[in-house]
Amino acid sequence: MTEKLVLPKFSIGVGDRFAHQAKAQLCACILAREAGVEVVPVWNKSNREHMIIGSEPSQTRAAADLAVRKLGWTRPYFLDADHINLKTVDRFVEPCDFFTLDVADLIGKPAKPEDVSAFLSRHPELVGTVTIPRVAAPFETDEAFVKGVANKFLAAVQHAGEIYRLLVEKKGTGNFVPEVSMDETDSPQTPVELLVILAMIADEEIPIQTIAPKFTGRFNKGVDYVGDLAQFTKEFNEDLAAIAFAIETYGFPANLKLSVHSGSDKFSIYKAIHEAVTSFGAGVHLKTAGTTWLEELIGLAESDGDGLKISKEVYAEAYAHREELCAPYATVIDIDPARLPSTAEVDRWTSVHFTSALRHDQTNPAYNPSFRQLLHVGFKVAAKMGDRYLHALEANEAIVAKNVTANLFERHIKPVFLGL
């Protein structure tokens, strides 16, 4: 499959809701290089986030380009059109060079029977005994199993093919990095199911460089992984094996790698990820997003004065409109209403109390994951503040940037990419 623009082995998706932290985020990647590993930044911002904030992808591009120039970054970097589909892709075409093809809405929609039959005819290797190197035991499948996977995912993959071909028309072959996301579904894919999905993607001739499957457990926004760590570790290793097998079998780009969506703050699985990719000599894309927005709030709260006041106001509004704010994220947050402090209580908090409740430090007894998750989805409140919020970021740039850089480097890059 054709590829010109190549995503390096290790990459980190960095969300920047308000396009003010690109330099601070890039500083984390510079620290990684100084520590001996190259981790390239992929700035990501979804259409939904642009709509809420009232921004354009071109602004995210401008912020990334400016940071790269100011800091003298000479390695690759990318701008991700995060979770786009045919209805939303147009505004991302010109500024972006990485496209996450979002087909979640079509997962489970039955494919045309004739398309399923054709897929089965093309892939007899998927029926019977399927041996994937480095997976403990062969998988025994039958036609009914493969047909079931095709009925669940084929229509979605075909839609990804439509988006990919549209992008080729507009940007040219090999001028962007395609990713297919399969994480927003009801159950994790087994490695053999992932292999069937990869066969579908190969049939659509999409030269994906990353794929985001559904892993076991909960990947809630802004908080740690919840689930069976041993099962996650087993699945992650087997997924790497399935990808290696698919590269050889279906001709995918040699750098095809796993993408871990909602990957920020999943501290308990980072050791397993590092050990697996090291064992396989594989790459990985760790996608973070809202963690940077939360570090903005932490920095503002640390600055005390007006910064702390703004952080408290954001919480007050988020608390008052929590049902509205949480609804779009219902499947990826677990907030205990009883753990949410009242706005009157928060209003009495000191800077230290606020940051202790919000900062993701599980050794701190004041840390409150429900408080953190509500603020994670509360960026719409800050967006409504407009220039007042942006001016506060600019006035407190140093302390905010310090938190953003430290969070990405110390809590994410070090354990995932350096094994520290």
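Ring pairs join F215, F219, Y225, F232 and F236 into a cluster. Rings of Phe, Tyr and Trp (its six-membered ring) pair if their centres lie within 6.5 Å; planes under 30 degrees apart are stacked, over 60 edge-to-face, and the rest tilted. The model is predicted: local features need pLDDT of at least 70, side-chain atom pairs count only at pLDDT 80 or more, and totals for chains, interfaces and linings use all residues. Residues are numbered from 1 along each chain as its sequence is written, and side-chain values use heavy atoms, with hydrogens and water left out.

By the ring rule, 20 aromatic pairs are counted. The ring centres of Y315 and F371 are 4.8 Å apart with planes at 45°, so this pair is tilted. Y315 belongs to helix α10 (residues 305-320) and F371 to helix α14 (residues 369-376), so the pair ties together parts 56 residues apart in sequence. Helices are DSSP runs (H or I, at least four residues), numbered from the N terminus. Both Y315 and F371 are buried (under 20% relative accessible area, 1.4 Å probe, protein chains only).

Charges also sit over rings (NZ of Lys or CZ of Arg within 6 Å of the ring centre and within 35 degrees of the ring normal). R17 lies over the face of F379, 4.4 Å from the ring centre. The charged end of R322 sits over Y319, at 4.2 Å from its ring centre.

The largest nonpolar core has 102 residues. Such a core is a set of buried Ala, Val, Leu, Ile, Met, Phe, Trp, Tyr and Cys residues joined through side-chain atoms within 4.5 Å. Helix α5 (residues 143-171) gives the most to this core, twelve residues. Another core lies apart from it, with 38 residues, including L308 and F379.

Conventions
Helix = DSSP H or I, 4+ residues; strand = E, 2+ residues; numbered from the N terminus. Buried < 20%, exposed > 50% of the residue type's maximum accessible area, 1.4 Å probe, protein only.
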